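Here is a short briefing on one structure. Look over the sequence and the model first, then read on.

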Amino acid sequence: MISTPSDYGELIALNLPPLIDAIMSKAESTARFLQTSGDRAYCDDCLIMLMGFSGPDEAEQVTSGLGGTDGFLRELGECCLCHERKQTIRAR
Ligand SMILES: [Zn+2]
């Protein structure tokens, strides 16, 4: 039960790092996957299947995070797997 701010801090200390770790490690494995895929672009939906994301929200969180970095390009394009034209991500 959360009764004081310090209890709340404890809850965050207990629960948040694994959550962040899980997202970070998925971001890292997605980054590695894209880097080994050359210039092939993948949509979020295909990455959900490939990387085992829990759903579109998590996929979006990871791909938009990666897309904001220098190493990756998030753009409207054709996914190399489903060949649909949508938001994709690929390594630069
Ligand atoms: Zn796709």
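In strand 3, Arg-85 is the bridge partner of Glu-78. This is a predicted model: local features need pLDDT of at least 70, side-chain atom pairs count only at pLDDT 80 or more, and totals for chains, interfaces and linings use all residues. Residues are numbered from 1 along each chain as its sequence is written.

**Strands**
- Helices (H or I, at least four residues) and strands (E, at least two) are DSSP runs, numbered from the N terminus.
- Strand 2 (residues 72–78) and strand 3 pair in the antiparallel sense over 7 bridges; strands pair if DSSP finds at least two bridges between them.
- Their hairpin has 6 residues between the strands, and His-83 there takes a positive phi near 60°.
- Strand 1 (residues 42–43) pairs with strand 3 (residues 85–91) in the antiparallel sense, over 2 bridges.
- Cys-43 has Thr-88 as its bridge partner in strand 3.

**Helices**
- Helix 2 (residues 44–51) packs on helix 3 (residues 56–67) at an angle of about 100°, with axes 9 Å apart.
- Axes are lines fitted to C-alpha atoms, for helices over the stretch in contact, and angles run from 0 to 180 degrees between N-to-C directions.
- Their contact has 4 nonpolar, 1 polar and 2 charged residues by class. Ala, Val, Leu, Ile, Met, Phe, Trp, Tyr, Cys and Pro count as nonpolar, Asp, Glu, Lys and Arg as charged, and the others, Gly among them, as polar.

**Phe-53**
- Beyond its neighbours within four places in sequence, Phe-53 is in contact (C-beta atoms, placed from the backbone, within 7 Å) with Lys-26, Leu-47, Ile-48, Glu-58, Ala-59 and Val-62.

Definitions and conventions. Two residues are in contact if their C-beta atoms, placed from the backbone, lie within 7 Å.
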